[in-house]
Amino acid sequence: MIGVGLVIAAPLTAQDRIPDVSPPPWRPVLASVILPGAGQLDLGQARGWGYLAMEAVIWTGYGLTRHAGLEDRGAFRDLAWEEARDRVMPRVDGDFDYYERLARWRRSGSFDLEPEVVGVQPERDPDTFNGDAWALALDIVGLPPDASPNDEGYDVALDFYRDRAYPAELLWDWTGRAAALERYRRLMDESDRHLRQSTIILGGVFLNRLVSASDAYLSRLAGSSARLRVQPVRRGADLLPFLTLQVVLP
């Protein structure tokens with residue numbers, strides 16, 4: 001965590017001021033927005049290299065954490081296909097919600113209990129995902145659990161079931177594979193954690209541009225070199241870097 005503070009110091013003397021080389025006042029700010037540190041280098045301030053280095057560190061961190069998250073995602077999808085989906089071919093991968101449900105439901109149940117019979121015979125075991133989908137469909141329509149195709153509203157419930165239940169190529173069963181299921185959940189958690197971290201790190205791209213552009217604007221406004229120092233500040237048990245931007249106005 002990094003704090004940013006602004007301190008306005010006493011004016012410089014005429015001898016201390018950096019001569020105004022008169023670049024357009026907006027140029028250093030725009031340059032810093034496009035590439036942090038570019039505005040400082042345009043003003044002849046060596047600390048621009050620090051912003052550039054920070055930009056490289058941010059993008060490297062983002063790339064590494066995102067790569068780790070995507071690798072974990074591929075690993076848990078492969079594990080589900082191998083252990084819970086019995087390597088059904090051709091392999092069809094589901095969406096995000098599908099893999100979330102694999103982590104919560106031990107079995108999907110069947111899609112069609114009697115494939116040899118015309119039409120779809122829904123799964124009726126409420127302990128399976130598809131069975132729960134059929135129970136929900138009946139509840140929405142207002143039919144009893146033992147409803148038959150002859151009942152009014154049955155076709156509406158069946159349409160809901162077809163939309164929500166998973167078909168044969170996406171069915172799963174973790175029965176007897178508790179260790180594999182635990183590993184699947186760990187990989188999913190790791191993937192989510194890495195991808196969240198990458199998003200947070202990416203926010204540093206905006207912060208680096210904001211600080212660099214603000215620094216360039218204030219330095220250009222002052223017509224003098226703003227001084228930037230890192231001052232460690234203790235907050236509780238943690239020692240956090242606290243950036244103090246000291247700008248000397250004419």
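Buried means under 20% relative accessible area, exposed means over 50%, and partly exposed lies in between (1.4 Å probe, protein chains only). The structure is a predicted model, in which local features need pLDDT of at least 70 and side-chain atom pairs count only at pLDDT 80 or more, while totals for chains, interfaces and linings use all residues. Residues are numbered from 1 along each chain as its sequence is written, and side-chain values use heavy atoms, with hydrogens and water left out.

**Exercise 1. Classify aspartate 42 and arginine 27 by accessibility, and describe the salt bridge between them.**

Step 1. Aspartate 42 has a relative accessibility of 28%, so aspartate 42 counts as partly exposed. Arginine 27, at 35%, is partly exposed.

Step 2. A salt bridge is a side-chain nitrogen of Lys or Arg within 4 Å of a carboxyl oxygen of Asp or Glu. In the pair of aspartate 42 and arginine 27, the closest N and O atoms are 2.9 Å apart.

Step 3. Helices (H or I, at least four residues) and strands (E, at least two) are DSSP runs, numbered from the N terminus. Because aspartate 42 lies in helix 2 (residues 38-42) and arginine 27 in helix 1 (residues 27-34), the pair ties together parts that are 15 residues apart in sequence.

**Exercise 2. State how many salt bridges the structure holds, and examine the pairs glutamate 100 with arginine 104 and aspartate 93 with arginine 85.**

Step 1. The count comes to twelve salt bridges. As background, side chains of opposite charge can pair when their charged atoms come close.

Step 2. Glutamate 100 and arginine 104 meet through their side chains at 3.9 Å, N to O. Because these two residues are four residues apart in helix 4, glutamate 100 and arginine 104 are separated by about one helical turn. Arginine 104 is exposed, at 55% relative accessibility.

Step 3. Salt bridges with shared partners join Asp78, Arg85, Arg91 and Asp93 into one network. Within it, aspartate 93 and arginine 85 form a salt bridge whose closest N and O atoms are 3.9 Å apart. Aspartate 93 is partly exposed at 40%, whereas arginine 85 is buried at 1%.

**Exercise 3. Determine the number of aromatic pairs, and assign the geometry of the pair phenylalanine 76 with tyrosine 184.**

Step 1. Rings of Phe, Tyr and Trp (its six-membered ring) pair if their centres lie within 6.5 Å; planes under 30 degrees apart count as stacked, over 60 as edge-to-face and the rest as tilted. The structure holds 14 aromatic pairs.

Step 2. The ring centres of phenylalanine 76 and tyrosine 184 are 5.5 Å apart and the planes stand at 80°, so the pair is edge-to-face.

Step 3. Phenylalanine 76 belongs to helix 3 (residues 48-84) and tyrosine 184 to helix 7 (residues 178-222), so the pair ties together parts that are 108 residues apart in sequence. Both phenylalanine 76 and tyrosine 184 are buried.

Step 4. Tryptophan 105 and phenylalanine 129 are also edge-to-face, with 5.7 Å from centre to centre and 85° between the planes. Tryptophan 105 sits in the loop between helix 4 (96-104) and helix 5 (129-141), and phenylalanine 129 in helix 5, so this pair ties together parts that are 24 residues apart in sequence. Phenylalanine 129 is buried, at 1%.

Step 5. Ring pairs link a cluster of residues, including Phe76, Tyr184, Trp105 and Phe129.

**Exercise 4. Describe the surroundings of leucine 181.**

Step 1. Leucine 181 lies in helix 7 and is buried, with a relative accessible area of 2%.

Step 2. Contact means heavy atoms within 4.5 Å. Neighbours within four places in sequence being left aside, leucine 181 is in contact with Leu102, Ala103, Arg106 and Trp174.

Step 3. Leucine 181 and phenylalanine 76 are 105 residues apart in sequence and 9.7 Å apart in space, C-alpha to C-alpha.

**Exercise 5. Identify the backbone features at aspartate 86, arginine 87 and proline 90.**

Step 1. Phi is near 55° at aspartate 86, a positive value in a residue other than glycine. Phi of arginine 87 is likewise near 55°.

Step 2. Aspartate 86 is exposed at 51%, and arginine 87 is partly exposed at 47%.

Step 3. Methionine 89 and proline 90 are joined by a cis peptide bond, with omega about -5°.
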